[in-house]
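Take a look at the chain, then read on.

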Amino acid sequence: LLGNFITMEMALAEIGLRAKLEFQFGYRELADNLEQANRHLVNFLFFMRGYADQIVQDFKCLRLEPAFGAVAKNALTQVFERSSDYRFMCGLRNHVQHKAAAVHGFEGDDEIKGDANSWVESVRFTALKSQLRSDKSFNAKILSEQPEKIDVRRCARRSIEELGVAHLALR
């Protein structure tokens with residue numbers, strides 16, 4: 001999970017840095033960026049779900065009271081309940097598995113200016129609520145918690161942060 005998160009962050013950072021330095025905005029470059037963002041985000045979503053599935057199962061051999069699986073399941077339920085970003089990422093994972101892409105577009109993020117470190121975050125990768133809404137199986141309540149343009153990188157960061165809190169508690 002962490003490896004895929006780091007790989008995704010590095011790929012998205014490279015896209016942002018290249019956008020600032022190379023000024024290549026042809027159709028081919030834009031399509032490649034979108035494809036790359038989708039591939040890395042889908043990998044992250046897959047491993048996020050895999051972590052949630054495996055953490056409940058992996059420690060059955062330990063004789064703990066209460067059982068580790070029950071404690072882990074409860075910790076993940078708490079993450080789901082307190083984090084709208086994690087709920088969204090879970091819904092997005094189901095969407096990409098059965099329907100379509102996770103990242104619908106990207107745009108320059110003009111709000112991040114003046115900081116020398118902001119170059120790598122100069123591109124904001126978004127999922128569009130209007131497109132997700134057309135998927136009738138996407139949970140409408142989860143979708144209602146998000147803006148029209150959903151910053152998937154921010155959601156991924158907040159999700160990994162919440163999973164990290166749960167993971168440390170389980171350790």
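## Overall build

Among contacts in the chain with a separation of 6 or more, 70% are between residues 24 or more positions apart. This is a predicted model. The chain has 171 residues, and 41% of them count as buried. Its C-alpha atoms fill a box of roughly 60 × 35 × 25 Å, taken along the principal axes.

Seven helices and three strands make up the elements of the chain. Read from the N terminus, their order is α-α-α-α-β-β-α-α-β-α.

## Helices α1 and α2

Helix α1 covers residues 2-22, and helix α2 covers residues 27-57. Their axes lie 9 Å apart, and the two pack at an angle of about 165°. An angle over 145 degrees counts as roughly antiparallel. That is why α1 and α2 are described as roughly antiparallel to each other. Their crossing is left-handed.

Which residues of α1 and α2 meet? From α1 come Asn-4, Phe-5, Thr-7, Met-8, Ala-11, Leu-12 and Ile-15. From α2 come Asn-33, Gln-36, Ala-37, His-40, Leu-41, Asn-43, Phe-44 and Phe-47. By class, this contact of α1 with α2 has nine nonpolar residues, six polar ones and no charged ones.

## Aromatic pairs

The count of aromatic pairs comes to five. One of them joins Phe-5 and Phe-44. The centres of these two rings are 5.7 Å apart, and their planes stand at 55°, so the pair is tilted. Phe-5 sits in helix α1 and Phe-44 in helix α2, so the pair ties together parts that are 39 residues apart in sequence. Phe-5 and Phe-44 are both buried.

Tyr-86 has a relative accessible area of 4% and is buried.

## Helices α2 and α4

Helix α2 also packs against helix α4, which covers residues 84-98. The angle is about 110°, and the axes are 10 Å apart. Roughly perpendicular means 65 to 115 degrees. So α2 is roughly perpendicular to α4. The crossing of α2 and α4 is left-handed.

On the α2 side, the contact is made by Leu-41, Val-42, Phe-44, Leu-45, Met-48, Arg-49 and Ala-52. On the α4 side, it is made by Tyr-86, Met-89, Cys-90, Leu-92, Arg-93, Asn-94 and Val-96. The residues of this contact divide into eleven nonpolar, one polar and two charged.

## Helices α4 and α7

How do α4 and α7 cross? Helix α7 covers residues 152-170. The axes of α4 and α7 come within 8 Å and cross at roughly 110°. The two helices are therefore roughly perpendicular to each other. α4 passes α7 in a left-handed crossing.

Asp-85, Tyr-86, Phe-88, Met-89 and Leu-92 are the α4 residues that meet α7. Their partners in α7 are Val-152, Arg-154, Cys-155, Ala-156, Arg-158, Ser-159 and Leu-163. This contact of α4 with α7 has eight nonpolar residues, one polar and three charged. Tyr-86 and Met-89 are among the residues of α4 that take part in the contact with α2. Tyr-86 and Met-89 also meet α7.

## Two spots in the loops

Look next at the loop between α2 and α3 (68-82), where Pro-66 is placed. Most peptide bonds are trans. The peptide bond from Glu-65 to Pro-66 is cis, with omega near 0°.

Glu-121 is found in another loop, the one between β1 (105-108) and β2 (123-128). Its relative accessible area is 28%, so Glu-121 is partly exposed. How far apart are Glu-121 and Asn-43? In sequence the two are 78 residues apart, and in space they are 20 Å apart, C-alpha to C-alpha. Asn-43 is one of the α2 residues that meet α1.

Methods:
Residues numbered from 1 in each chain as written. Predicted model: local features only at pLDDT ≥ 70, side-chain atom pairs only at ≥ 80, totals over all residues. Heavy atoms only, no water. Axes fitted to C-alpha atoms, helices over the stretch in contact; angles between N-to-C directions. Helix = DSSP H or I, 4+ residues; strand = E, 2+ residues; numbered from the N terminus. Parallel < 35°, antiparallel > 145°, perpendicular 65-115°, else oblique. Left-handed = near helix turned anticlockwise from the far one by under 90°. Contact = heavy atoms within 4.5 Å. Nonpolar A, V, L, I, M, F, W, Y, C, P; charged D, E, K, R; others polar. Phe/Tyr/Trp six-rings, centres within 6.5 Å; stacked < 30°, edge-to-face > 60°. Buried < 20%, exposed > 50% of the residue type's maximum accessible area, 1.4 Å probe, protein only.
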